[in-house]
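Visitor: I'm new to reading protein models. Could you walk me through one and tell me how you know each thing you say?

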Amino acid sequence: MPEAVLFDLDGTFADTAPDLANALNRLKAEQGLAPSPLNRLRPLVSNGVRGMLGVGFGITPDAPLYPALAERFLHFYASALCVETRLFAGMDELLSHLDDAGIAWGVVTNKAERFARPLIDALGLTARCACIVGGDTAARPKPFADPLLHACSSTGIKPEGCLYVGDDIRDIHAGKAAGMRTVAAAYGYLGSSPPIATWDADAVIAHPLDLLGVLEKY
């Protein structure tokens, strides 16, 4: 058994898409634009602000209006970041299994720490979470190994004792770069990543509880 299981946040640990979509659509309404449907936005949530503004406004980070729109989007998100956000079905049961087995678990995300920590807190999980590492916690975000190595440092668990679960190819690259075993979450957003079979993850799961089978074969 691994000593710790680390999870990506958006699209792996929790379904954050509804609240991110609401923030975007509040911004679009403010700009006099029609809302974007959730099913169009959901796959791009893992791409963060860049993905949301890209699909909502058709702009890239080099556009003159991007900084102001990004700031306003984050303002709306911060004001309501855990209204419709929920753990993925089966995740709560999985976390209970990990707790019972004495396996530490934590969250390593590219979401800024100022959003990740309040979100985990709003889900009522801060006290059980071994670490919360944001995209701005370490020197470089995923796909670099820095955030995962920071998680190891803060928990005192070596990379070879950790399993990292994520729904984007960046997660797998980061996990491998850190020296961890990796699991691809096929139930997640997947975003603009190439086909999941090409990610070279150590395992692929279709449901959070499928991770129990992976742990048995660890």
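Visitor: Which way do S1 and strand S4 run, and how many bridges join them?

Guide: They run parallel, and four bridges join S1 to strand S4 (residues 104-108). Keep in mind as we go that this is a predicted model.

Visitor: What makes them count as a pair of strands?

Guide: Pairing takes at least two bridges. S1 and S4 have four bridges, so they pass that test. One place to look is Leu 6, which stands opposite Gly 106 in S4.

Visitor: Why do side chains in a strand end up on two faces?

Guide: In a regular strand they alternate between the two faces of the sheet. You can follow that in S6, where Cys 162, Tyr 164 and Gly 166 point one way and Leu 163 and Val 165 the other way.

Visitor: Why is S6 described as largely enclosed?

Guide: Five of the five residues of S6 are buried, so the rest of the structure largely encloses this strand.

Visitor: What is the strand order in the open sheet?

Guide: The order is S5-S4-S1-S6-S7-S8, six strands with parallel pairing.

Visitor: Why are S5 and S8 said to stand at the edges?

Guide: Strand S5 (132-133) and strand S8 (203-205) each have a single partner strand, so one side of each is left without a neighbour in the sheet.

Visitor: What joins S6 to S7?

Guide: Four bridges do, between strand S6 (residues 162-166) and S7, and the two run parallel. Leu 163 stands opposite Arg 181, and Gly 166 stands opposite Ala 184.

Visitor: Which residues is Val 183 in contact with, leaving aside its neighbours within four places in sequence?

Guide: Among them are Leu 163, Tyr 164, Val 165, Gly 166, Ala 201 and Ile 205. A contact here means heavy atoms within 4.5 Å.

Visitor: And Gly 106, is that buried or exposed?

Guide: Buried, because its relative accessible area is 0%. Gly 106 sits in strand S4. Setting aside neighbours within four places in sequence, Gly 106 is in contact with Val 5, Leu 6, Phe 7, Cys 129, Ala 130 and Cys 131.

Visitor: Why does Asp 200 count as exposed?

Guide: Exposed means over 50%, and Asp 200 has 54% relative accessibility, so it qualifies. Asp 200 is in the loop between S7 and S8.

Visitor: What is the phi of Asp 200?

Guide: Asp 200 has a positive phi of about 65° although it is not a glycine.

Visitor: Where is there a cis peptide bond?

Guide: One joins Lys 142 and Pro 143, with omega at about 20°. Pro 143 is found in the loop between S5 and helix H7 (146-155).

Visitor: Let's zoom out. Why does the radius of gyration agree with a compact globule?

Guide: With 218 residues, a compact globule would have a radius of gyration near 17 Å, and the protein chain has 17 Å, so the two agree. The C-alpha trace spans about 55 × 35 × 30 Å along its principal axes.

Visitor: What does the secondary structure of the chain come to?

Guide: Nine helices and eight strands.

Visitor: How much of the chain counts as buried?

Guide: Of the 218 residues, 50% do.

Definitions and conventions: Residues numbered from 1 in each chain as written. Predicted model: local features only at pLDDT ≥ 70, side-chain atom pairs only at ≥ 80, totals over all residues. Heavy atoms only, no water. Rg over C-alpha atoms; globule rule 2.2 N^0.38 Å. Buried < 20%, exposed > 50% of the residue type's maximum accessible area, 1.4 Å probe, protein only.
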